[in-house]
Amino acid sequence: MDLSVIAFWSFSTLAVLSAIGVVFFKNIIYSVLSLISTLIMVSGLFFTLGAELVGALQILIYAVAIVVFYVLVISTVPEYKGKAIDPKYMLLSLPVGFLLFLELAYVSVYGAWASNTGIFKPEVLNEIGNVKAVSTILFTKFLFPFEVASLILLVAMIGAIILGRKEQVMDEEEVK
Amino acid sequence: MVKVRYVERPTLSTVEKIFFIDFVYGLKTTIRNFFRKTITTIYPKEKLVPPKRFRGTHAHRAKDGNEPPSFVVLAKFMEIHDYESRCVACYMCQQACPMPTLFKIEAEQLPNGKKRVTTFDMNLLNCLYCGLCVDACPVDCIIMTDEFENAGERRNQCVIHKDDMTERGISFDRRRGNEPDRIWIDDKAREKLWGQIEWT
Amino acid sequence: MELIGVILGLVVKSVIFVIGMFLLAAYLTLVERKFAGHIQQRPGPLHVGFHGLLQPIADALKVITKEDLVPDFVDKLLFYMASLLAFVPAIMILAVIPFGEKITLFGYELKPYITDLNVGLILALALGSISIYGVIFAGWASNSKYPMIGGLRKAAVLIGYEVALGFALVGPIMMAGSFSLREIVEAQQGFFGAFIWYQPIAFIVFLFAILAETGRTPFDVQEAEAELVSGYNTEYSGMKFGLFPLAEWYIATFVLSAIAVILFFGGWNGPHIFGPFSSYIWFLLKLGIVFMFLLWVHWTLPRYRVDQITELAWKVMLPLTFINIFLTAFIVVIKG
């Protein structure tokens, strides 16, 4: 058996297991912990598939930068609020979740046939490396979507700053 | 209503902000200290001599001819031989002490009508070394010496008695009696640590 | 059969690295204690061995044999896991750090690194950041006020410096044209080829980030002794406690100063004056200087508040890195 096959199966098993943990753990901190575990396992999958850049960025951005925000919010929320389960939202979330699942399933099944039609051959990839391949594609073929994505992020950032800005209300007395 | 006074904080100039001038000053100070000699003493091998006013273990001055006039007045009522403790059992130290059970002083009347101190015990486990007993003593008897290594293995080792206090007092007077009564041994020792003092 | 050989080789190399790092970290505690002592005009450890040379071993024995208390009402699993979570990623960064050039000994070619990924720098950063979770979860699992505040402070600081750190590294990466640490070193040839001459702003921001990530003094809000008893590790004892400072103050600082040397001081480049081990000696020399500088800063400066750190990170360091990226782009274009 090949090493990468073993790695693939162990990473994916652990990823699925910890994803189940995210959903079913009652303790919200354990959920976050298994979320981190899922993200790291997925990055391991990327590593076994030869996409080192995506794998490393997965750890750096998702497993650290984003989940730290979750942890910061969750730690400051009292424990009883984390435990509350509201069936109203559960009813709403079930069909949405199912739709998301369908979409993901479609993408992954579609990808099973269409993944080998990239513009870089494996030999080229090995020679120039992951980073250069990604950046070449990003700044030539997909330049417009890339710029649009950054514009969306800029809009989101400005929105966040405006929402988070404190309104300066001066009392008459304070001015004096 | 509490009144708050706003104080203008000193601000940094632009140059100081950009080049972290304050940080550089701090770093300069620490690296200068790094190359200086250490000022510590390696305790069990080297021991500091405390200043004469140091408040260490208590002692009794002996009747050695240097008594204050108050003692001379009282001496004729007391049965005290030469080189014995000067204590007249006036209980002034016990009155001054913030800790009521620290002293155990007992005296008896001899057949010839004179008074003799039989017990003078101090439980140093209760002592906070404030020195009030020294100030209270009318005959300049109880003093505090420069001995500071008074730890014991048992509790009863920490109780000091009249005889060993007298012994300690005699030895302290012999060692340090002629020194001027000051905190620093000499000006050099003080200037080494505190720098020159400019009196106005 | 060849596969087993490769795996065996990697395992042996990893074990050597880990054990070496353990011993090194133990002696780095001695270096720090001596340094801190002399800065405060006291000699530091003096009695165990010649000038305290055996002190780390005595300390290790003491920490290991100490009673290991676990307080009631802590989250047991996380409480145990947190110290590992801080320690393991910190030591995993060693996997991607090259310590010198390849050498040939007795006919074997020895590579002084475990793996040379072409995204080594990002991976090192990512693993360094993951070890922060140890601090945060230690704070949460202790079920106590001060550790909780310490952990949250660390999370708040992380949000501040991580962004600035990422953008600061863009400068050297642009100049080298690679994420691989080995290739970054090879791009800096000669004395004036070191990136510190072209990237002083990036270096300052990187120093700030190292100090914040390893929790050294100007930014040691997570264990501010004066305010939070001992911060996130207040409830810990024994070796579980010992792993935190070992991971944060010594291994993480050591490894991040290695990355600083690689990025800004030309790594193991230097005149070949020490014979075959020249590259290693140069690397360790530069690393030692950077490490001592961090210690020096640690034992000099007072502590920032959390809001001041986030303010510094977002309002000063981040704009500085943007300016740096802009300038670097100019330099790269002009140099061709």
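**Figure 1. Chain A in the predicted model is built from helices.** Of the 176 residues of chain A, 16% count as buried. The structure shown here and in the other figures is a predicted model. Chain A has nine helices and zero strands. Among the contacts in chain A with a separation of 6 or more, 51% are between residues 24 or more positions apart.

**Figure 2. Contacts between the chains.** Two pairs of chains touch, and the pair with the most contacts is A and C. Chain A and chain B share no contact. The closest C-alpha atoms of chain A and chain B lie 13 Å apart. Chain B does touch chain C: 11 residues of chain B are in contact with nine residues of chain C. On the chain B side of this contact there are five nonpolar, five polar and one charged residues.

**Figure 3. The open sheet of chain B.** In chain B, three strands make an open sheet with the order 2-3-5 and antiparallel pairing. Strand 2 (103-109) and strand 5 (159-160) of chain B are the edge strands, and each of them pairs on one side only. Helix 6 (residues 162-176) of chain B packs on this sheet, where it touches strand 3 and strand 5 of chain B. The direction of helix 6 of chain B makes about 85° with that of strand 3 of chain B. As a general point, strands of a sheet pair through backbone hydrogen bonds, in either a parallel or an antiparallel way.

Figure 4. Seven bridges join strand 2 of chain B to strand 3 (residues 115-123) of chain B, and the pairing is antiparallel. Which residue of strand 3 of chain B stands opposite Phe103(B)? The residue opposite Phe103(B) is Met122(B). Ile105(B) has Phe120(B) in strand 3 of chain B as its bridge partner. The hairpin of strand 2 and strand 3 of chain B has five residues between the strands. In this hairpin, Gly113(B) has a positive phi near 90°.

**Figure 5. The two domains of chain C.** The domain assignment divides chain C into domain 1 (1-65) and domain 2 (68-335). The centres of domain 1 and domain 2 of chain C, taken over C-alpha atoms, are 19 Å apart. In the contact between them, 16 residues of domain 1 of chain C meet 12 residues of domain 2 of chain C. Helix 1 (2-39) and helix 2 (55-65) of chain C each supply at least two residues of the domain 1 side. Helix 1 of chain C gives the most to that side, with 14 residues. By class, the domain 1 side has 12 nonpolar, two polar and two charged residues.

**Figure 6. Helix 6 and helix 13 of chain C.** Two packed helices are described by the angle between their axes and the distance between the axes. Helix 6 (residues 145-168) and helix 13 (residues 306-335) of chain C pack at an angle of about 10°, and their axes are 8 Å apart. Helix 6 and helix 13 of chain C are therefore roughly parallel to each other, because angles under 35 degrees count as roughly parallel. Residues of helix 6 of chain C in the contact include Arg153(C), Val157(C), Tyr161(C) and Phe167(C). From helix 13 of chain C, the residues in the contact include Ile309(C), Trp314(C), Met317(C) and Phe322(C). The residues of this contact divide into 15 nonpolar, three polar and one charged.

**Figure 7. Two residues of chain C with a positive phi.** Most residues other than glycine have a negative phi. Asn143(C) is not a glycine, yet its phi is positive, at about 55°. Asn143(C) is in the loop between helix 5 (132-141) and helix 6 of chain C. Is Asn143(C) buried or partly exposed? Asn143(C) is partly exposed, because 16 other C-beta atoms lie within 10 Å, and a residue is buried if 20 or more do and exposed if 12 or fewer do. Val229(C) is a residue other than glycine with a positive phi near 55°. Val229(C) is placed in the loop between helix 10 (225-228) and helix 11 (238-264) of chain C. Val229(C) counts as partly exposed because it has 16 C-beta neighbours inside 10 Å.

Note on methods
Residues are numbered from 1 along each chain as its sequence is written. Chains are lettered from A and ligands numbered from 1 in the order in which they are written. This is a predicted model: local features need pLDDT of at least 70, side-chain atom pairs count only at pLDDT 80 or more; totals for chains, interfaces and linings use all residues. Two residues are in contact if their C-beta atoms, placed from the backbone, lie within 7 Å. Ala, Val, Leu, Ile, Met, Phe, Trp, Tyr, Cys and Pro count as nonpolar, Asp, Glu, Lys and Arg as charged, and the others, Gly among them, as polar. Two strands pair if DSSP finds at least two bridges between them. Helices (H or I, at least four residues) and strands (E, at least two) are DSSP runs, numbered from the N terminus. Axes are lines fitted to C-alpha atoms, for helices over the stretch in contact, and angles run from 0 to 180 degrees between N-to-C directions. Angles under 35 degrees count as roughly parallel, over 145 as roughly antiparallel, 65 to 115 as roughly perpendicular and the rest as oblique. Domain bounds come from an automatic or database domain assignment.
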